[in-house]
Amino acid sequence: MTSSTQSNQETIQAPCPECEAPVAFSRSPLYGEITECAACECELEVTNRSPIRLELAPEVEEDWGE
Amino acid sequence: MRIAMLYTRLRVEERLLIDAFDETGVDIDLIDTRSLVLDPADPGRWNEYDAVLDRSLSLTASLTIGRVLESFGVRVINPTSATAICSDKLRTTLALERAGIATPGVRVALDQESALDAVEAIGYPAVLKPTIGSWGRLVARLNDRDGAEAVIEHRAVLGSAQQGVYYVQEHIEKPDRDIRVFVVNHEPVAAIVRTSEHWVTNTARGATAANFELNSEAADLAIRSSRAVGADLVAVDLLECPERGLLVNELNHSMEFRNSVETTGVDIPGIVARRVIAINDSPTPSCAGRSR
Ligand SMILES: Nc1ncnc2c1ncn2[C@@H]1O[C@H](COP(=O)(O)OP(=O)(O)O)[C@@H](O)[C@H]1O
Ligand SMILES: [Mg+2]
Ligand SMILES: [Zn+2]
């Protein structure tokens, strides 16, 4: 891995669509990845990878589960 | 070797699985179930997969996609036959009862009045659950007749058709915890206890997980349950009944393990990934003792 070059790059982040606080990633996120905004605690889904776009994750549906 | 993983959301579990496959050096294709259009007449490229790991959150998606892929001859993990049983608490009860596996007593009814009769037959407290549901949602303890009438009426008026099945279970006076055994290819690989002040001990509802030292009773129930439903991967939930000993409460076909890797020190995603990769080295599991 190119972790040394990684640290020279800009931090990987995108604004929260709900509260606009920056949401940071420790590595490039995957499409569909779920994360939480530390500022407003809403659940977010990565809907585009570059540039990173975050959208509110869909509500849990009735037939969802383990 | 080509593996696909179906998903709805890439949660912690899915990311751990992706990393685990990465470590084995086997490439996996990530497939968002929402993006799929399937042609039942044409397998297309699906047959190129040696196995498809189903991590869909939606049961409807799991069964729909799984049935199409299995008709093409694709090996889906879990097989839809196992998913259909584990996801449905009544079908789980039937499979456990037919296999002679200890499980709480249940009554099933289909209308409000007979649902109340079912509750009274079980006695108070009784537990009313949706047959299809997870994460402790809508699991209700009925402590007396007034409460039972109220919950049953609410279900009848506000619930979906699925809620019209009244699955009433005997309440087990368990300690403040239940036990979960993770089973891969009919072998218990790890176990946790989930402890809560609330009688509903789902970690999704705030229960805390700790390692559970597997004993032979728990291991035996877990193995027999896994075999009874023909699952490749299953989390078997056990209740400690003061009178009857361990009882199998329910089976989970798409187990969540984010709180269990560190807790148990067991590399659950790694074991799962290696099992998926090795899947074609052994025959499709079938339900023990019965053809279906
Ligand atoms: N019959 C019961 N007696 C005692 N506790 C129960 C009973 N049924 C469920 N529970 C508690 O409620 C939790 C959730 O019930 P469960 O049947 O596993 O539904 P879910 O599929 O929503 O997880 C269990 O983990 C357990 O702590
Ligand atoms: Mg459960
Ligand atoms: Zn926010």
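Let's start with Glu256(B) and Arg11(B), whose side chains meet in a salt bridge at 3.1 Å, N to O; the term here means a side-chain nitrogen of Lys or Arg within 4 Å of a carboxyl oxygen of Asp or Glu. The pair links distant parts of the chain, 245 residues apart: Glu256(B) sits in the loop between strand S13 (245–252) and helix H8 (261–264) of chain B, and Arg11(B) in the loop between S1 and H1 of chain B. Helices (H or I, at least four residues) and strands (E, at least two) are DSSP runs, numbered from the N terminus.

Are these two residues buried or exposed? Both Glu256(B) and Arg11(B) are buried, where buried means under 20% relative accessible area, exposed means over 50%, and partly exposed is in between, with a 1.4 Å probe and protein chains only.

A quick word on the ground rules. This is a predicted model, in which local features need pLDDT of at least 70 and side-chain atom pairs count only at pLDDT 80 or more, while totals for chains, interfaces and linings use all residues. Residues are numbered from 1 along each chain as its sequence is written, chains are lettered from A and ligands numbered from 1 in the order in which they are written, and side-chain values use heavy atoms, with hydrogens and water left out.

Back to the charges. Side chains of opposite charge can pair when their charged atoms come close. Over all chains, the count comes to 24 salt bridges. Another one inside chain B is Asp29(B) with Arg2(B), where the closest N and O atoms are 2.6 Å apart. This pair, too, links distant parts of the chain: Asp29(B) is in strand S2 (residues 28–32) of chain B, and Arg2(B) is in the segment before strand S1 (3–7) of chain B, 27 residues apart. Asp29(B) is partly exposed at 26% relative accessibility, and Arg2(B) is partly exposed as well, at 28%.

Now, how many salt bridges run between chain B and chain A? The count is five. One of them joins Arg27(A) and Asp19(B), with the closest N and O atoms 3.4 Å apart. That pair crosses from the loop between strand S2 (22–25) and strand S3 (34–36) of chain A, where Arg27(A) lies, to helix H1 of chain B, where we find Asp19(B). Arg27(A) has a relative accessible area of 36%, so this residue counts as partly exposed, and Asp19(B) is also partly exposed, at 31%.

Chain B gives 24 residues to the contact and chain A gives 18, with contact meaning heavy atoms within 4.5 Å. The size of an interface is often given as the accessible area lost when the parts come together. Here the two chains bury about 1900 Å² between them, 44% of it on carbon and sulfur atoms; buried area is the accessible area (1.4 Å probe) that two parts lose on being put together, summed over both. Which three residues supply more of the area that chain B buries against chain A than any other three? They are Arg9(B), Leu10(B) and Arg15(B), with 32% of that area.

There are also 18 residue pairs in polar contact between chain B and chain A, both at pLDDT 80 or more. A polar contact is a pair of N or O atoms within 3.5 Å; within protein, one must be able to donate a hydrogen and the other to accept it, and residues adjacent in sequence count only if both atoms are side-chain atoms. On the side of chain B that touches chain A, the elements giving two or more residues are helix H1 (12–24) and helix H2 (59–71), and H1(B) gives the most, with three residues.

Last stop, the backbone. A cis peptide bond joins Ser50(A) and Pro51(A), with omega about 0°, and Pro51(A) is in the loop between strand S4 (43–49) and strand S5 (52–56) of chain A. Another cis peptide bond joins Tyr124(B) and Pro125(B), with omega about -10°.

Trp135(B) is not a glycine, yet has a positive phi of about 60°; this residue is buried, with a relative accessible area of 15%. Leu138(B) has a positive phi too, near 65°, but is exposed, at 56%.
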